[in-house]
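Dear colleague,

Please find below the structure that I am handing over to you. My findings follow it, and I would ask you to read them with the model open.

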Amino acid sequence: MTNPIRSPVVPFAAMLLLSACARPTGGGYPSLAPRPIEKTSFADPAPSPVPSATPDPALDTVIAAANLQLTTIAKGFAADAVKAAAASRAAKGQAAGSDRWLDAQTALGSLDQWHAQISALATDTEERAIERASMLAPPYPALTALQARIETENAVEATSIARAQASLAPA
């Protein structure tokens, strides 16, 4: 009988067993290292700077005229608001249709006319801003400031009218 350790089958079997431990050539299992997509950040990108508006002389002229018109409306409203407040105080407690009540309603009518003018100015200014936005133009600071002034004056006028009207008897 031959020695089993010296048999030619033993080295062959050992090579087979050792080859099972070798890494396959096809790649086998995927790497556990981070993939490129896993290295990217999910943080929001930095915002791009807002482009500044280029000067527009034609728009500046329109804005200057609108500012002048707004000042005129505000002064006219303020003067008539004093009269309407006095007429409303005089008509307080008076029945609807009385002379003082009618005087107060007339004074409130003049306030409504001023308020309609400020509303029209607000609409025109808003349309200009919308037109610029539709052309993808950046906001125009002077136009934005005008809109803020109009909005403030509109709120002051609405409050003044409501206050004067609240003291009168309903129609």
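A polar atom of the Ser98 side chain lies 3.0 Å from the backbone oxygen of Ala95. Please bear in mind that this is a predicted model. Ser98 is placed in the loop between helix 2 and helix 3. Its relative accessibility is 18%, and because buried means under 20%, Ser98 counts as buried.

**Helix 3**

Helix 3 consists of 36 residues. From its first C-alpha to its last it reaches 52 Å, close to the 52 Å expected at 1.5 Å a residue. Its buried residues include Trp101, Trp114, His115, Thr125 and Arg132. The buried residues of this helix pack against helix 2 and helix 4. Just after helix 3, Leu136 adopts a positive phi of about 60°.

Which residues does Thr125 contact, leaving aside its neighbours within four places in sequence? They are Leu143, Leu146, Gln147 and Ile150. Leu143 is 18 residues away from Thr125 along the chain, yet the C-alpha atoms of the two are separated by 7.5 Å.

Two packed helices are described by the angle between their axes and the distance between the axes. The axes of helix 2 (residues 57–91) and helix 4 (residues 141–166) come within 11 Å and cross at roughly 10°. Angles under 35 degrees count as roughly parallel, and helix 2 and helix 4 are therefore roughly parallel to each other. On the side of helix 2, the residues making the contact include Ile63, Leu70, Phe77 and Ser88; on the side of helix 4, they include Ala142, Leu146, Arg149 and Glu157. By class, this contact has 13 nonpolar, 4 polar and 3 charged residues.

Yours sincerely

Conventions
Residues numbered from 1 in each chain as written. Predicted model: local features only at pLDDT ≥ 70, side-chain atom pairs only at ≥ 80, totals over all residues. Heavy atoms only, no water. Axes fitted to C-alpha atoms, helices over the stretch in contact; angles between N-to-C directions. Helix = DSSP H or I, 4+ residues; strand = E, 2+ residues; numbered from the N terminus. Parallel < 35°, antiparallel > 145°, perpendicular 65-115°, else oblique. Contact = heavy atoms within 4.5 Å. Nonpolar A, V, L, I, M, F, W, Y, C, P; charged D, E, K, R; others polar. Expected span 1.5 Å × (residues − 1). Buried < 20%, exposed > 50% of the residue type's maximum accessible area, 1.4 Å probe, protein only. Polar contact = N/O pair within 3.5 Å; in protein donor to acceptor, adjacent residues only side chain to side chain.
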